[in-house]
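User: I would like to learn how to read strand pairing and helix packing in a model such as this one. Could we take the features in turn?

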Amino acid sequence: MTSPLLELDHVTKRFGRVVIAEDLSMTVNSGDTVGIVGPNGAGKTSLFGLISGDLAPDGGEVRLAGRAVTRLDAAGRCRLGVGRTYQVPRPFADMTVFENVLVAAQQGAGLRRRASYVAAAEALDMTGMSGQANLAAERLGLLQRKRLELARAVATKPTLLLLDEVAGGLTDPEVAQLVEIVRGVNAEGTAVIWIEHVVRALTAVVSRLICLAGGKFVGDGMPATVLANPAVREVFLGSEFTAALAGGSLTADAAAEPPTAADVPPSTPDRIEP
Ligand SMILES: Nc1ncnc2c1ncn2[C@@H]1O[C@H](COP(=O)(O)OP(=O)(O)OP(=O)(O)O)[C@@H](O)[C@H]1O
Ligand SMILES: [Mg+2]
């Protein structure tokens with residue numbers, strides 16, 4: 001029997017007294033699309049750190065394709081197929097877009113010479129960034145920085161792609177373009193786990209949704225089912241939404257609909273580095 005692509009097995013992580021991952025277990029298979037929602041400070045980005053190797057857990061095990069990688073660092077896990085974007089893009093500002101992506105292909109995927117150039121060009125093509133290839137990264141606006149972040153992750157040739165709020169701060173048409181890009185990456189067989197406050201972007205792509213709050217999974221299943229779960233509504237949409245629901249200021253129809261971006265509390269603003 002083939003092992004799942006990713007397994008978290010009773011993973012726990014604390015920062016001092018704050019538990020940001022409490023006995024978390026989950027399985028993701030090749031080609032899966034999983035969305036993660038949850039309030040600010042829920043532990044979503046930290047969960048990515050535990051998967052990518054940026055954070056070491058205090059307990060439990062992380063496995064990739066059946067192999068225990070709990071003690072393997074981020075560079076090692078990247079070579080095994082874990083690509084990630086960061087919530088706040090930090091490209092090499094004085095390098096061109098192409099050079100940024102080339103570094104990812106060479107250092108992340110371990111590709112050399114022609115193969116690395118081909119991977120970098122393909123990643124730019126896939127993310128719609130070919131036209132900006134020769135621009136210095138510091139000249140990019142927010143949308144293009146997000147795309148470059150995605151291109152860098154794609155250039156590492158991931159089998160598992162972790163996206164951390166790549167749609168935050170974008171306009172509706174920009175979100176729609178991003179959704180198409182992520183669908184394209186997934187169509188090539190890459191599993192995607194996507195943290196996002198822009199729920200309509202997630203529901204356009206993922207077949208499974210997890211809600212994380214206080215380092216625990218509050219809901220896990222089909223997106224519509226998870227979003228309709230009262231416990232998820234309470235922690236994710238907040239007591240204000242729940243009170244409005246109880247007071248009847250939202251119609252039953254509106255309450256039955258999955259929340260839209262307008263319902264969702266704003267994310268931490270994306271910063272653009274100077
Ligand atoms: N390196 C760290 N040291 C100490 N505490 C940390 C560290 N990283 C994160 N935290 C804390 O852990 C908690 C979870 O943070 P995390 O960034 O994972 O949340 P998040 O769900 O991604 O939030 P957001 O939606 O705002 O991005 C927060 O209380 C945060 O302040
Ligand atoms: Mg985060």
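Analyst: Two strands count as paired if DSSP finds at least two bridges between them, and strands (E, at least two residues) and helices (H or I, at least four) are DSSP runs numbered from the N terminus. This is a predicted model, in which local features need pLDDT of at least 70 and side-chain atom pairs count only at pLDDT 80 or more, while totals for chains, interfaces and linings use all residues. Residues are numbered from 1 along each chain as its sequence is written, and chains are lettered from A and ligands numbered from 1 in the order in which they are written.

User: Which residue stands opposite Val 19 in strand 2?

Analyst: In general, strands of a sheet pair through backbone hydrogen bonds, either parallel or antiparallel. Here Arg 14 stands opposite Val 19, and strand 1 (residues 6–15) pairs with strand 2 in the antiparallel sense over 7 bridges.

User: In what order do the 4 strands of the open sheet lie?

Analyst: The order is 2-1-4-5, with antiparallel pairing. Strand 2 (18–28) and strand 5 (67–68) are at the edges with a single partner strand each, so one side of each has no neighbour in the sheet.

User: Is Asn 40 buried or exposed?

Analyst: A residue is buried if 20 or more other C-beta atoms, placed from the backbone, lie within 10 Å of its own, exposed if 12 or fewer, and partly exposed in between. Asn 40, which lies in the loop between strand 3 (33–37) and helix 1 (44–52), counts as exposed because it has 10 C-beta neighbours inside 10 Å.
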